[in-house]
Amino acid sequence: MAGASKNSRTTVATQKFMCPDCGGEIIMKTMIEKGRIKNQAECSKCKRIERRPKDFK
């Protein structure tokens with residue numbers, strides 16, 4: 001009996017982050033800059049950009 005592979009057993013959890021200043025939702029964006037992938041967190045209401053959602057605090 002074959003079992004499921006380790007990668008197929010992982011669950012995908014999505015989290016919603018809220019901006020403490022305006023209450024808008026923070027979404028992650030992936031940008032390509034100078035041939036490198038760069039992740040940025042941006043508030044949908046106030047358009048504030050940080051490196052990750054934790055930096056909004």
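Two strands are taken to pair if DSSP finds at least two bridges between them. In this predicted model, strand 2 (residues 25-33) and strand 3 run antiparallel and are joined by 8 bridges. Within this pairing, Ile32 lies opposite Ile37 of strand 3. The two strands form a hairpin with 2 residues between them, and Lys34, located in the turn, has a positive phi of about 55°.

Strand 3 also pairs with strand 4 (residues 49-50), in the antiparallel sense and over 2 bridges. This second hairpin has 5 residues between its strands; Lys47 in the turn has a positive phi of about 60°. Ile49 in strand 4 stands opposite Glu42.

Glu42 belongs to strand 3 (residues 36-43). With a relative accessible area of 14%, Glu42 is classed as buried because the value falls under 20%. The side chain of Glu42 makes a polar contact of 2.7 Å with the side chain of Lys29. Not counting residues up to four places away in sequence, Glu42 touches Glu25, Ile26, Ile27, Lys29, Lys47, Arg48, Ile49 and Phe56.

The largest nonpolar core consists of 5 residues, namely Cys19, Ile26, Ala41, Cys43 and Phe56. In soluble globular proteins, nonpolar side chains tend to be buried together. With neighbours within four places in sequence left aside, Phe56 contacts Cys19, Pro20, Ile26, Ala41, Glu42, Cys43, Arg48 and Glu50.

Technical notes: Residues are numbered from 1 along each chain as its sequence is written. This is a predicted model: local features need pLDDT of at least 70, side-chain atom pairs count only at pLDDT 80 or more; totals for chains, interfaces and linings use all residues. Side-chain values use heavy atoms; hydrogens and water are left out. Helices (H or I, at least four residues) and strands (E, at least two) are DSSP runs, numbered from the N terminus. Buried means under 20% relative accessible area, exposed over 50%, partly exposed in between (1.4 Å probe, protein chains only). A polar contact is a pair of N or O atoms within 3.5 Å; within protein, one must be able to donate a hydrogen and the other to accept it, and residues adjacent in sequence count only if both atoms are side-chain atoms. Contact means heavy atoms within 4.5 Å. A nonpolar core is a set of buried Ala, Val, Leu, Ile, Met, Phe, Trp, Tyr and Cys residues joined through side-chain atoms within 4.5 Å.
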